[in-house]
Amino acid sequence: MRVFVSTTTFAEHSKKPLEMLRKQGIKCTLNPYGRKLKETEIGAVLSENSYDGLIAGTEPLTEKVLRNAGPLKVISRVGVGMDNVSLETAKECRIKVHNTPSVLIDSVAELTIGLMLCCLRRIAHVDRNVRRNIWQKEMGGLLKGKVTGIIGFGKIGKRVASLVKAFGAEI
């Protein structure tokens, strides 16, 4: 079985995912561009090669791309969103499409909290000043006691809420 990996972060920090696939007899080809592929690029890769599977990122997997994807049998979308995949065309072409709906919950929620703290505590601003040899005391705010609005209360929103509550904020 041959698989193309279009997402650029796959196995970036550990080669274990590639080793696991290779132990199963799966030959992987990684994205040679090191960035999100354009429709014409992913289309060419899939039409000019005989890939059975695609480990996909957010590149456009349009009707045109999927209809010309040769023997492609399965797409595994790394992440939650599926809006870049023409699901109707995939079904017509008998290409199974999967995603990883729970894999990013904690990482996105924690990044959200990190960015909130960065804004409240003015971390980026102070860092820029220190790097310019400017030492200026800054007053930051606390998350504790704040009222936090969360737009979208799915799995990630609920996880953000639980983390915000741990800081003593209201939802």
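Modeller: In this predicted model, the lining of the largest pocket consists of T7, T9, F10, A11, E12, H13, S14, P17 and V78. Sorted by class, four of these residues are nonpolar, four are polar and one is charged. The space in this pocket comes to about 170 Å³. Rolling a probe the size of a water molecule over the atoms is what shows where such empty space is left.

Now the strands. Five of them form an open sheet in the order β2-β1-β3-β4-β5, and the pairing is parallel. At the edges are β2 (27-30) and β5 (96-99), each of which pairs on one side only. From one strand to the next the twist averages 20°. In general, the strands of a sheet pair through backbone hydrogen bonds, in either a parallel or an antiparallel sense.

Strand β1 (residues 2-5) runs parallel to β3 and is joined to β3 by three bridges; V3 has G53 of β3 as its bridge partner. On to β4: β3 and β4 pair over four bridges, again in the parallel sense, and here G53 stands opposite V74 of β4. Strand β4 (residues 74-77) is in turn linked to β5 by four bridges, the two running parallel, with R77 partnered by N99 in β5.

Within β3 (residues 53-56), G53 and I55 point one way, L54 and A56 point the other way, and all are buried. Side chains in a regular strand alternate between the two faces of the sheet.

Definitions and conventions. Residues are numbered from 1 along each chain as its sequence is written. This is a predicted model: local features need pLDDT of at least 70, side-chain atom pairs count only at pLDDT 80 or more; totals for chains, interfaces and linings use all residues. Side-chain values use heavy atoms; hydrogens and water are left out. On a 1 Å grid over the protein atoms alone, a cavity is a set of points where a 1.4 Å probe fits but cannot get out, and a pocket is an open set with protein on both sides within 12 Å along at least five of seven lines; lining residues have an atom within 4 Å of a point. Grid points are joined across faces, edges and corners, and a volume is the space filled by probe spheres set on the points. Ala, Val, Leu, Ile, Met, Phe, Trp, Tyr, Cys and Pro count as nonpolar, Asp, Glu, Lys and Arg as charged, and the others, Gly among them, as polar. Two strands pair if DSSP finds at least two bridges between them. Axes are lines fitted to C-alpha atoms, for helices over the stretch in contact, and angles run from 0 to 180 degrees between N-to-C directions. Buried means under 20% relative accessible area, exposed over 50%, partly exposed in between (1.4 Å probe, protein chains only).
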